[in-house]
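Please read this briefing alongside the sequence and the coordinates.

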Amino acid sequence: MPPSSSGDARASRRPLLEIVVPAYNEERRLPGGLLQLCAKLARLPFPTAVIVVDNNSTDGTADVVRAWPEGEVPVRLVSCPVPGKGAAVRAGLLETSAPFVGFCDADMATDLAAVDVAFGLLLSGERVVIGSRAHAYSKVENRHSRIREIGAFGFRALARVLVNGVSDTQCGFKFFDAPLAREVAAELRTPGFAFDVELLARCAARGTRVVEIPVSWHDVPGSRFSPARHSFGIMLELGRIWLRLRAAPPAPMWEPPLDPVGYP
């Protein structure tokens, strides 16, 4: 069905909110995720847009985006050859031009009803609003193994050293005042799993409060994370972030990841 004239008019206006979706080999999950996201954004009373960042996929991820039909919510493709979710999110944020931006995972594990809460807080003056599975009012369906849960507990303990007061740095649902997001993204040097920690730590270093909101989150099959394979690399990333944030000279553009993880 062709887009309506009202949809054309809305899509032609500058978006007030842009959402970045990093994607690595998401040919199967991305169509359903984009349907959910675009349906949610189309119900908002202002123009929005979606940027999908193809992170060097070897499947048809990019083709899904290229073939996406026109509608009220424009969806465009950005390519990022540097491996890692952090690299993809950085590339997407730097491509935005809207006053407010956010990013979420291609699997849409976080219920998109939280977009209304996050955006309302941004309009009220908050500059960083993130979903938190650790929030007392969050509803979390988690099928992770006991080993992975123990690893997550250890990671959160270390992350709190870098981002004090934030209980869940890794929920893939984060929204920002766009000038701050683009400024911090330009400095981001962590390409893999722990990039959220550096992103939030750099926001906090500017005196910005990080507001955590409750979410409904469900575990979606297909996770690429393996505690045995990725834990050492993640700990190394956290160590690099700690050193980088305290180092006076600028860091190199990217630290080479041991294993470019970060996707759910």
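This is a predicted model: local features need pLDDT of at least 70, side-chain atom pairs count only at pLDDT 80 or more; totals for chains, interfaces and linings use all residues.

Residues are numbered from 1 along each chain as its sequence is written, and side-chain values use heavy atoms, with hydrogens and water left out.

**Sheet**
- Seven strands form an open sheet with mixed pairing, in the order β3-β2-β1-β4-β7-β5-β8.
- Strands (E, at least two residues) and helices (H or I, at least four) are DSSP runs numbered from the N terminus, and two strands pair if DSSP finds at least two bridges between them.
- Strands β5 (residues 128-132) and β7 (residues 173-177) run antiparallel and are joined by three bridges; valine 128 has phenylalanine 176 in β7 as its bridge partner.

**Helices on the sheet**
- Helix α2 (residues 30-42) lies across β1 (17-23), β2 (48-54), β3 and β4 (100-104), and runs at about 160° to β2.
- Helix α5 (residues 114-123) packs on the sheet, touching β1, β4, β5, β7 and β8, with its direction at about 20° to that of β7.
- Contact means heavy atoms within 4.5 Å; axes are lines fitted to C-alpha atoms, for helices over the stretch in contact, with angles from 0 to 180 degrees between N-to-C directions.

**Threonine 61**
- Threonine 61 lies in helix α3 (residues 61-66) and counts as buried because its relative accessibility is 0% (buried is under 20% relative accessible area, exposed over 50%, partly exposed in between; 1.4 Å probe, protein chains only).
- The C-alpha atoms of threonine 61 and glutamate 27 are separated by 4.4 Å, although the residues are 34 apart along the chain.
- The side chain of threonine 61 reaches the backbone nitrogen of glutamate 27 at 3.3 Å.

**Aromatic pairs**
- The structure holds five aromatic pairs (ring centres of Phe, Tyr or Trp, the last by its six-membered ring, within 6.5 Å; planes under 30 degrees apart are stacked, over 60 edge-to-face, the rest tilted).
- Phenylalanine 46 and phenylalanine 119 are stacked, because their ring centres are 4.6 Å apart and their planes are at 25°.
- Both phenylalanine 46 and phenylalanine 119 are buried.
- Phenylalanine 103 and phenylalanine 195 have ring centres 5.8 Å apart and planes at 45°, so this pair is tilted.

How values were computed. A polar contact is a pair of N or O atoms within 3.5 Å; within protein, one must be able to donate a hydrogen and the other to accept it, and residues adjacent in sequence count only if both atoms are side-chain atoms.
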